[in-house]
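I opened my notebook to look up a few things in this structure. My entries follow in the order I made them.

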Amino acid sequence: MANQSKGLTRIIKAIVYSVKGIRATWKNEAAFRQEIVLAILAMMVAFYLDIGAIERILLIGSVMLVLIMETLNSAIEAVVDRIGSEFHELSGRAKDMGSAAVFLTMILSLIVWGTILWRYFMA
């Protein structure tokens with residue numbers, strides 16, 4: 001079923017759906033709530049530091065990537081859980097891969113933060 005909305009109506013509907021998705025993720029995923037708190041704290045630090053715009057964008061962007069990946073992982077888990085509760089190798093693999101994507105994004109964020117903070121404090 002194709003979306004028949006066009007122009008501004010389509011944009012408004014997309015925003016409404018996105019807000020619903022963020023609310024659902026907040027409501028149903030403890031990890032997302034914890035990551036939001038950490039993201040807020042990290043962004044406060046990023047704005048406090050006397051660094052350039054590119055470094056600030058990298059710090060904030062890496063944190064936002066973690067939130068994005070957690071949201072996608074939650075979507076994968078919801079679809080797999082919707083299909084059925086019985087164990088299936090592919091369902092387990094999909095959930096594990098989603099979790100791995102979050103983990104790898106966290107590692108990327110730690111590398112970005114570690115590199116920039118190292119330069120900030122050691123320069």
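**Entry 1**

I began with K95, which counts as partly exposed at 26% relative accessibility. For my own reference, buried means under 20% relative accessible area, exposed means over 50%, and partly exposed lies in between, with a 1.4 Å probe and protein chains only. I noted that this is a predicted model, where local features need pLDDT of at least 70, side-chain atom pairs count only at pLDDT 80 or more, and totals for chains, interfaces and linings use all residues. Residues are numbered from 1 along each chain as its sequence is written, and side-chain values use heavy atoms, with hydrogens and water left out.

Which residue forms a salt bridge with K95? I found D81, with the closest N and O atoms 2.6 Å apart. K95 lies in helix α4 and D81 in helix α3, so the pair ties together parts that are 14 residues apart in sequence. A salt bridge here is a side-chain nitrogen of Lys or Arg within 4 Å of a carboxyl oxygen of Asp or Glu. Helices are DSSP runs (H or I, at least four residues), numbered from the N terminus. D81 is partly exposed, at 46% relative accessibility. I also looked up how far D81 is from D50: their C-alpha atoms are separated by 45 Å, and the two are 31 residues apart along the chain.

**Entry 1: the other salt bridges**

How many salt bridges does the rule give? The count comes to three. Side chains of opposite charge can pair when their charged atoms come close.

I looked up E55 and R119, whose side chains meet in a salt bridge at 3.2 Å, N to O. E55 lies in helix α3 (residues 53-83) and R119 in helix α4 (residues 89-122), so this pair ties together parts that are 64 residues apart in sequence. Is R119 buried or exposed? R119 is exposed, with a relative accessible area of 52%. E55 is among the buried residues of α3.

R93 pairs with E89, the closest N and O atoms being 2.9 Å apart. R93 and E89 are four residues apart in helix α4, so about one helical turn separates them. R93 is partly exposed at 38%, while E89 is exposed at 53%.

**Entry 2: two helices**

I checked the length of α3. It has 31 residues and reaches 45 Å from its first C-alpha to its last, close to the 45 Å expected. The expected span is 1.5 Å times one less than the number of residues. For α4, the 34 residues should span 50 Å, and the end C-alpha atoms are 48 Å apart, which agrees.

Next I asked what the buried residues of α3 pack against. I wrote down α1, α2 and α4. For α4, what covers the buried residues includes α2 and α3. The buried residues of α4 include G98, T105 and W113.

L59 is found in helix α3. L59 is buried, with a relative accessible area of 0%. Which residues does L59 touch, not counting those up to four places away in sequence? My list reads A46, L49, I51, V112, W113 and I116. Contact means heavy atoms within 4.5 Å.

V102 has its place in helix α4. V102 is buried too, with a relative accessible area of 6%. Leaving aside neighbours within four places in sequence, V102 is in contact with E35, M69, E70 and N73.

**Entry 3: a patch on the surface**

I turned to the surface and found a nonpolar patch formed by L8, I11, I12, I15, V16, Y17 and V19. Together they have about 680 Å² of accessible area. Areas come from the Shrake-Rupley method with a 1.4 Å probe, and for residues only the protein chains shown count as cover. Patch residues have over 30% relative accessible area and no salt bridge; like charges are joined within 9 Å, and nonpolar side chains (Val, Leu, Ile, Met, Phe, Trp, Tyr) within 5 Å.

I12 lies in helix α1 (residues 7-28). I12 is partly exposed, at 46%. The C-alpha atoms of I12 and V102 are separated by 29 Å.

**Entry 4: confidence**

Last, I looked up pLDDT, the predictor's confidence in each residue, from 0 to 100. The mean for the protein is 94, and 98% of its residues reach 70 or more.
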